[in-house]
Amino acid sequence: MTATSTDRARCVVPFCRRTTKRFKAEWICGNHWPLIPKAQRRVWGRLRKRWRRYGPEAGVHFDARWWRIWDRLKREAIERAAGIS
Ligand SMILES: [Zn+2]
């Protein structure tokens, strides 16, 4: 566990040094986001739109779904970032 004193989120891809001020949680930077397959990015986009519209009313299992999908995006970004020569 690495506790950082900064409030900047770091890109989830190892060795990527990009950070953002916008979120305090995890983040995938603009270099690595495009590596994720379009279909998955679309699913994420839908999820975010739904969250913006409904907020906490988005659904009982919304949180679990959010993190499950986020996990998948993260894995995809990390794997592809490592696999690119
Ligand atoms: Zn990155």
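Mentor: Let's begin with a definition: two residues are in contact when heavy atoms of theirs lie within 4.5 Å of each other. Keep in mind too that this is a predicted model.

Trainee: Which residues does His32 touch?

Mentor: Leaving aside residues up to four places away in sequence, His32 touches Cys11, Val13, Cys16, Ala77 and Ala81. His32 itself lies in the loop between β2 and α1.

Trainee: Why is His32 called buried?

Mentor: The relative accessible area of His32 is 13%.

Trainee: How much of the protein chain is buried?

Mentor: Buried residues make up 28% of the 85 residues. As for the layout, the chain has two helices and two strands, which run β-β-α-α from the N terminus on.

Trainee: How many salt bridges does a search of the whole structure find?

Mentor: The search finds three. Let's go through them.

Trainee: What makes Lys74 and Glu26 a salt bridge?

Mentor: Their closest N and O atoms are 3.2 Å apart. The cut-off is 4 Å between a side-chain nitrogen of Lys or Arg and a carboxyl oxygen of Asp or Glu, so the pair Lys74 and Glu26, at 3.2 Å, qualifies.

Trainee: Why is this pair said to link distant parts of the chain?

Mentor: Lys74 sits in helix α2 (residues 62-83), Glu26 is in the loop between β2 (19-20) and α1 (38-54), and they are 48 residues apart.

Trainee: Lys74 and Glu26: buried or partly exposed?

Mentor: Lys74 has a relative accessible area of 18%, and as the limit for buried is under 20%, Lys74 is buried. Glu26 has 38%. Partly exposed is what lies between buried and exposed, the latter being over 50%, so Glu26 is partly exposed.

Trainee: How do you know that Asp71 and Lys74 meet in a salt bridge?

Mentor: The N to O distance is 3.8 Å, and that is within the 4 Å cut-off. Asp71 and Lys74 are three residues apart in helix α2, which means about one helical turn between them. Asp71 is partly exposed, at 38%.

Trainee: Which residues are linked in a network of salt bridges?

Mentor: Glu26, Asp71 and Lys74 are. Lys74 pairs with Glu26, and Lys74 also pairs with Asp71.

Trainee: What makes Arg80 and Glu76 a salt bridge?

Mentor: Here N and O are 2.9 Å apart, again within 4 Å. The two residues are four places apart in helix α2, about one helical turn. Arg80 is partly exposed at 36%, whereas Glu76 is buried at 16%.

Trainee: Which residues form the positive surface patch?

Mentor: Among them are Lys38, Arg42, Arg48, Arg65 and Arg75. The elements that give two or more residues to the patch are α1 and α2, and α1 gives the most, with eight.

Trainee: Why is Arg48 called partly exposed?

Mentor: Arg48, found in helix α1, has a relative accessibility of 32%. Buried would need under 20% and exposed over 50%, so at 32% Arg48 counts as partly exposed. Patch residues need over 30%, and the 32% of Arg48 passes that limit.

Trainee: How big is the accessible surface of the protein chain?

Mentor: About 6800 Å², and 52% of that belongs to carbon and sulfur atoms.

Methods. Residues are numbered from 1 along each chain as its sequence is written. This is a predicted model: local features need pLDDT of at least 70, side-chain atom pairs count only at pLDDT 80 or more; totals for chains, interfaces and linings use all residues. Side-chain values use heavy atoms; hydrogens and water are left out. Buried means under 20% relative accessible area, exposed over 50%, partly exposed in between (1.4 Å probe, protein chains only). Patches are made of residues with over 30% relative accessible area and no salt bridge: like charges are joined within 9 Å, nonpolar side chains (Val, Leu, Ile, Met, Phe, Trp, Tyr) within 5 Å. Accessible areas come from the Shrake-Rupley method with a 1.4 Å probe; for residues, only the protein chains shown count as cover. Lys and Arg count as positive and Asp and Glu as negative; His and the chain ends are not counted. The place of a charge is taken as NZ of Lys, CZ of Arg, CG of Asp or CD of Glu.
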